[in-house]
There are 2 protein chains.
Amino acid sequence: MYAPTTKLSTTTSSARVLGVPPYHHGNLRTTLLAAAERSLREHGADQLSLRELAREAGVSHAAPRRHFPDRQALLDALAEAGFARLDVELRAAVADTPETFGPRLHATAAAYLRFATRDAALLELMFTRKHRDGAERLVAAAAAPFGFMHELIVQGQAEGVLEAGDPQRVGIVLFATLQGIATLINGSLVAPELLDGIVETAVDQFMRGSRRS
Amino acid sequence: MYAPTTKLSTTTSSARVLGVPPYHHGNLRTTLLAAAERSLREHGADQLSLRELAREAGVSHAAPRRHFPDRQALLDALAEAGFARLDVELRAAVADTPETFGPRLHATAAAYLRFATRDAALLELMFTRKHRDGAERLVAAAAAPFGFMHELIVQGQAEGVLEAGDPQRVGIVLFATLQGIATLINGSLVAPELLDGIVETAVDQFMRGSRRS
DNA sequence: ACAGCTTTGTTGTCGGTGCATACATTGTTG
DNA sequence: CAACAATGTATGCACCGACAACAAAGCTGT
């Protein structure tokens with residue numbers, strides 16, 4: 001086993017300049033993931049085909065197998081990346097927000113639903129139960145955004161805006177509400193125009209429902 | 001076009017007694033749906049195969065096509081039936097409950113999550129966005145349980161337990177919260193043992209968050 | 001520098017699936 | 001009882017995911 005090649009696509013070769021594609025792609029895994037992400041967004045997980053991705057990347061149909069043992073492994077990797085990106089987006093949303101709980105909660109909720117409605121298929125992938133043993137990686141990736149919610153709740157309690165209590169439970173309920181709203185919107189069961197109003201209602205209810213009284 | 005044969009499997013024939021299977025199945029559509037429901041529960045929507053169902057029903061692999069133009073049509077039918085059953089179960093849950101809002105809300109939430117965790121794959125199917133034009137039937141079917149939630153909210157407001165306001169919005173938020181909790185549990189992102197506690201927290205928060213103050 | 005091992009491609013194949021078309025059988029109805 | 005509509009069957013196609021055997025390229029120790 002040699003080093004997992006951190007440096008990208010050096011692909012030695014003199015062949016490159018001649019326009020002859022090198023035998024080794026050099027960066028297949030990343031290329032496949034990027035193509036998969038696009039395909040997922042455009043056509044949904046069901047339509048995603050390994051062979052199709054291979055064609056797009058200009059490699060043989062069996063090449064992806066070297067990087068993803070099977071189709072599900074690719075989907076899992078996408079979901080994992082999705083959680084990471086969600087975490088980044090949530091944290092970015094509060095970065096330029098007053099440090100008080102209220103505005104931060106609003107910003108978080110809005111950011112979550114922006115992510116969820118923009119990448120509906122990805123969201124579905126992230127939360128779909130695909131038992132597959134290696135689910136640990138996924139759960140670990142999901143811990144990041146969950147942790148963020150947790151921190152938010154703790155802050156609210158520290159500020160005295162929220163009642164004391166198990167922040168875990170409360171955080172889960174909050175997370176669930178946002179996720180549920182996304183599901184209803186994405187499933188076309190609720191008109192998208194209602195989104196903003198619903199989020200506002202949800203946030204208000206949450207504040208009132210768990211404020212210190 | 002002759003009558004859509006309400007009476008089941010009369011399959012005229014003298015052949016029956018001889019053990020020779022009749023040319024016409026007599027009840028294929030229903031049989032397929034039943035088998036599909038079982039397969040869905042046991043192996044998930046991805047693994048559901050029309051050819052497999054045909055084999056189970058003892059019929060050629062092209063036969064299902066007479067009843068479902070394509071695979072998605074079958075899945076849609078399953079989802080539609082799912083909404084109908086959900087509606088029945090929710091209404092049944094409050095049937096033998098005190099007529100006051102509080103107990104009814106609790107019973108509804110519990111019933112929703114029982115349904116959702118018992119038939120996780122079905123739930124996913126019901127709320128997954130499969131744009132496919134004929135989504136109207138699905139949305140119509142979904143209207144039943146949604147309507148139930150709506151009625152529940154209206155009752156709460158009439159009792160004076162809930163503040164006045166758009167029952168639609170509030171109902172959607174409630175529905176979303178339950179749906180979101182189900183998603184988190186089914187996706188193994190939250191341990192099942194926590195379910196009861198979370199539901200309780202959610203219901204309490206809802207009551208506090210929208211009670212008349 | 002080169003021999004040997006590891007990684008990452010390639011080609012070919014297999015079983016399975018959804019969808020389509022042409023044909024066969026049966027039930028209904030005028 | 002003679003159309004005709006409904007429902008199954010047989011066959012074929014294109015595609016897919018998985019697998020195995022082989023080939024090229026990169027690394028590494030001597």
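This is a predicted model: local features need pLDDT of at least 70, side-chain atom pairs count only at pLDDT 80 or more; totals for chains, interfaces and linings use all residues.
1. Between chain B and chain A, eleven residue pairs are in polar contact, with both partners at pLDDT 80 or more. On the chain B side, at least two residues touching chain A come from each of helix 5 (120-127), helix 6 (135-159), helix 7 (167-186) and helix 8 (195-210). Helix 7 of chain B gives the largest share of that side, with 13 residues. Sorted by class, the side of chain B that touches chain A holds 20 nonpolar, 16 polar and eight charged residues.

2. Now for the overall extent. In total, 44 residues of chain B contact 44 residues of chain A. About 3700 Å² is buried between the two chains, and carbon and sulfur atoms give 60% of that area. Of the area that chain B buries against chain A, 18% is supplied by R129(B), Q205(B) and R208(B), more than any other three residues.

3. T177(A) deserves a look of its own. This threonine sits in helix 7 (residues 167-186) of chain A. Is T177(A) buried or exposed? T177(A) counts as buried because its relative accessibility is 9%, and the cut-off for buried is under 20%. Setting aside neighbours within four places in sequence, T177(A) contacts A202(A) as well as V173(B), A176(B) and T177(B).

Definitions and conventions
Residues are numbered from 1 along each chain as its sequence is written. Chains are lettered from A and ligands numbered from 1 in the order in which they are written. Side-chain values use heavy atoms; hydrogens and water are left out. Contact means heavy atoms within 4.5 Å. Buried area is the accessible area (1.4 Å probe) that two parts lose on being put together, summed over both. A polar contact is a pair of N or O atoms within 3.5 Å; within protein, one must be able to donate a hydrogen and the other to accept it, and residues adjacent in sequence count only if both atoms are side-chain atoms. Helices (H or I, at least four residues) and strands (E, at least two) are DSSP runs, numbered from the N terminus. Ala, Val, Leu, Ile, Met, Phe, Trp, Tyr, Cys and Pro count as nonpolar, Asp, Glu, Lys and Arg as charged, and the others, Gly among them, as polar. Buried means under 20% relative accessible area, exposed over 50%, partly exposed in between (1.4 Å probe, protein chains only).
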